[in-house]
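Grab a pencil and open the structure.

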Amino acid sequence: MNVETKHTRTMGDIFVQHSQKLELLKTVLRNVAELDALEGLNMIDTVQRLGIDYNFQREIDEILHKQMSIVSARDDLHEVALRFRLLRQHGYFVPEDVFNNFKDSKGTFKQVLGEDIKGLMSLYEASQLGTEGEDILVEAEKFSGHLLKTSLSHLDHHRVRIVANTLRNPHHKSLAPFMARNFFVTSQATNSWLNLLKEVAKTDFNMVRSLHQNEIVQMSKWWKELGLAKELKFARDQPLKWYIWSMACLTDPKLSEERVELTKPISFVYLIDDIFDVYGTLDDLILFTEAVNRWEITAIDHLPDYMKICFKALYDMTNEFSSKVYLKHGWNPLQSLKISWASLCNAFLVEAKWFASGQLPKSEEYLKNGIVSSGVNVVLVHMFFLLGQNITRKSVELLNETPAIISSSAAILRLWDDLGSAKDENQDGNDGSYVRCYLEEHEGCSIEEAREKTINMISDEWKKLNRELLSPNPFPASFTLASLNLARMIPLILPEVDLNFKDGGRSLDWLSK
């Protein structure tokens, strides 16, 4: 038996054993939830925090459907808050007044809850699912956040780490694959199933990591063969960074081909951004934008050579992408993709004209344009067609109008990026900033006040995004999750912004290990 055959058999054995353990855990989850509703919720929460919930979707859906009937049947803060969060995450509307049981006669949360650290953490986590106008959840976040921060001064080291991580990285706004390592360290076995889940998760991590590394090889090969890094030396050459966006958005291992394909338009968003921000003259940028709007290969005759190269590559990639979607899902997305690229270049051009004139726009006007120039719309439109679910004339028309599930994710990216450095990597180009526009518009406003305004706007956009998660939702669950994951990824990949704490060990380096 040669080494390759032995390795193949070993991997095959691991896969079989892993599948058997998963089937056992599915049975355990169903039985646990049947015997003890709270323990079932705890197990679902653990599965999600370990990032392996895609293996248990049917079981989770069945359990949470049953949980709807006992939304307000308990007075334990941890249980009520955990049930509230899990149900809302899965699209069920649970009224915020379930937390009124924990208020006193004056209508404020009971101070005695300060002794219940576990309950406060669950309340803080639940408050992250708030939508616009839900004042009880706003109050819950302030109340639990304040008491949890206060508790850090007298808790033991282990509990301080858990509480600080909850405040820094609430589950709903974090990506499980990047947080799971910390959960491994801080979680302690108090039941019979936790160690088995951890064991399965470790095997799952290794299998998925191997898959991701193979995808990176495919993506790097495509980028190298495309040759744009050599032709356009001024542009960023970061295929790994571009791939990470796809990896974060599309977490299901079965979506391997989709991750590779999505990284291609993402790379062009960065590339075209560099043309507008770093290299192109205003006159040339106008010609390039006109060419993208016309979407005709003959429209590039008057472009500089580097723009001809970029447009030809974009044109070919988009047509190839459209053909693959049509063959797999029976819908040609070319018209929608052309609209998204034209909108992106139009927005880039607006910014280029602003900065060429030396005149800053009003902050509201800047953000409206910045939502488009973020590139999120381009990415999510491509993603929608790659996933291939619920593609109808109605859903495509809605998609082309930049619905809230796209615009809110885009606003979060734009505002978060503007809170960080205006300089990106080693570039010399100019980028706008909402903070800068706001300061210019509001004389006497301090930078701290402008940043606080921006942070509050990010919070408001999350509330809008949360509303889109609730049923009825015109888009399939896979697309909704991917859009949410994009928003979750933003703090990890953009310049660090300290909203509550310093970075807590969030790392992308595990991919290369």
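The model is predicted, so to speak of local features pLDDT must be at least 70 and side-chain atom pairs count only at pLDDT 80 or more, while totals for chains, interfaces and linings use all residues. Residues are numbered from 1 along each chain as its sequence is written, and side-chain values use heavy atoms, with hydrogens and water left out.

**Exercise 1.** Work out how the axes of H9 and H11 cross.

*Solution.* Start with the axes (lines fitted to C-alpha atoms over the stretch in contact, with angles from 0 to 180 degrees between N-to-C directions). Those of H9 (residues 194-226) and H11 (residues 239-249) come within 10 Å and cross at roughly 130 degrees. Next, classify: under 35 degrees is roughly parallel, over 145 roughly antiparallel, 65 to 115 roughly perpendicular and the rest oblique. H9 and H11 are therefore oblique to each other.

**Exercise 2.** Find the residues of H9 that meet H11.

*Solution.* Look for contacts (heavy atoms within 4.5 Å). On the H9 side you get His-212, Glu-215, Ile-216, Met-219, Ser-220 and Trp-223; their partners in H11 are Pro-239, Leu-240, Trp-242, Tyr-243 and Met-247. Sorted by type, that's 8 nonpolar, 2 polar and 1 charged.

**Exercise 3.** Is Cys-249 buried or exposed, and what does Cys-249 touch?

*Solution.* Then check its relative accessible area, which is 3%; buried means under 20%, exposed over 50%. So Cys-249 is buried. Finally, skipping residues up to four places away in sequence, Cys-249 touches Met-383, Ala-482, Asn-485 and Leu-486.

Terms used
Helix = DSSP H or I, 4+ residues; strand = E, 2+ residues; numbered from the N terminus. Nonpolar A, V, L, I, M, F, W, Y, C, P; charged D, E, K, R; others polar. Buried < 20%, exposed > 50% of the residue type's maximum accessible area, 1.4 Å probe, protein only.
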